[in-house]
Amino acid sequence: MTQVILGENEGIESALRRFKREVSKAGIFPDVKKHRHFETPLEKRKRKAVAKQKQHKSRFRYSNNGQESGGFGGAK
């Protein structure tokens with residue numbers, strides 16, 4: 001639960017900005033979006049598969065340290 005306590009001379013605009021920042025730090029927005037509508041088991045599997053592919057792709061994007069891939073790893 002996110003809460004913001006107002007200071008004595010603090011305006012509502014700055015308190016609202018602080019509240020929005022705290023909510024985004026707490027990760028409430030993605031959770032709200034996820035629970036906005038019912039997700040069928042098929043949709044859930046598809047979403048997880050896409051996330052897994054993205055994670056796999058980003059993990060190996062920079063794994064060869066700038067070297068060309070191919071061959072048996074011998075001298076160039």
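Biologist: In what order do the elements of the protein chain run from the N terminus on?
Modeller: They run α-α-α. The model is a predicted one, and its secondary structure comes to 3 helices and 0 strands.

Biologist: What is the mean pLDDT of the protein chain?
Modeller: The mean is 82, and 78% of the residues reach 70 or more.

Biologist: Which element has the highest mean pLDDT, and which the lowest?
Modeller: Helix α1, residues 12-26, has the highest at 92, while α2 has the lowest at 83.

Biologist: Changing topic. What share of the residues is buried?
Modeller: Buried residues are 5% of the 76 in the protein chain. The chain exposes about 7700 Å², and 55% of that comes from carbon and sulfur atoms.

Biologist: How many salt bridges does the count come to?
Modeller: The count is 3. One of them joins Glu-10 to Arg-18, with the closest N and O atoms 2.9 Å apart.

Biologist: Where do Glu-22 and Lys-25 sit in relation to each other?
Modeller: Both are in helix α1, 3 residues apart, which means about one helical turn separates them. Glu-22 is partly exposed at 35% relative accessibility, whereas Lys-25 is exposed, with a relative accessible area of 62%.

Biologist: On to Glu-39. Where is it found?
Modeller: Glu-39 lies in the loop that runs between α2 (28-34) and α3 (41-59).

Biologist: What is Glu-39 in contact with, leaving aside neighbours within four places in sequence?
Modeller: Lys-44 and Arg-47. The side chains of Glu-39 and Arg-47 make a polar contact at 2.9 Å.

Biologist: What else do the side chains of Arg-47 and Glu-39 meet in?
Modeller: A salt bridge, at 2.9 Å from N to O.

Biologist: How exposed is Arg-47 there?
Modeller: Arg-47 has a relative accessible area of 39%, so it is partly exposed.

Methods. Residues are numbered from 1 along each chain as its sequence is written. This is a predicted model: local features need pLDDT of at least 70, side-chain atom pairs count only at pLDDT 80 or more; totals for chains, interfaces and linings use all residues. Side-chain values use heavy atoms; hydrogens and water are left out. Helices (H or I, at least four residues) and strands (E, at least two) are DSSP runs, numbered from the N terminus. A polar contact is a pair of N or O atoms within 3.5 Å; within protein, one must be able to donate a hydrogen and the other to accept it, and residues adjacent in sequence count only if both atoms are side-chain atoms. Contact means heavy atoms within 4.5 Å. Buried means under 20% relative accessible area, exposed over 50%, partly exposed in between (1.4 Å probe, protein chains only). Accessible areas come from the Shrake-Rupley method with a 1.4 Å probe; for residues, only the protein chains shown count as cover. pLDDT is the predictor's confidence in each residue, from 0 to 100. A salt bridge is a side-chain nitrogen of Lys or Arg within 4 Å of a carboxyl oxygen of Asp or Glu.
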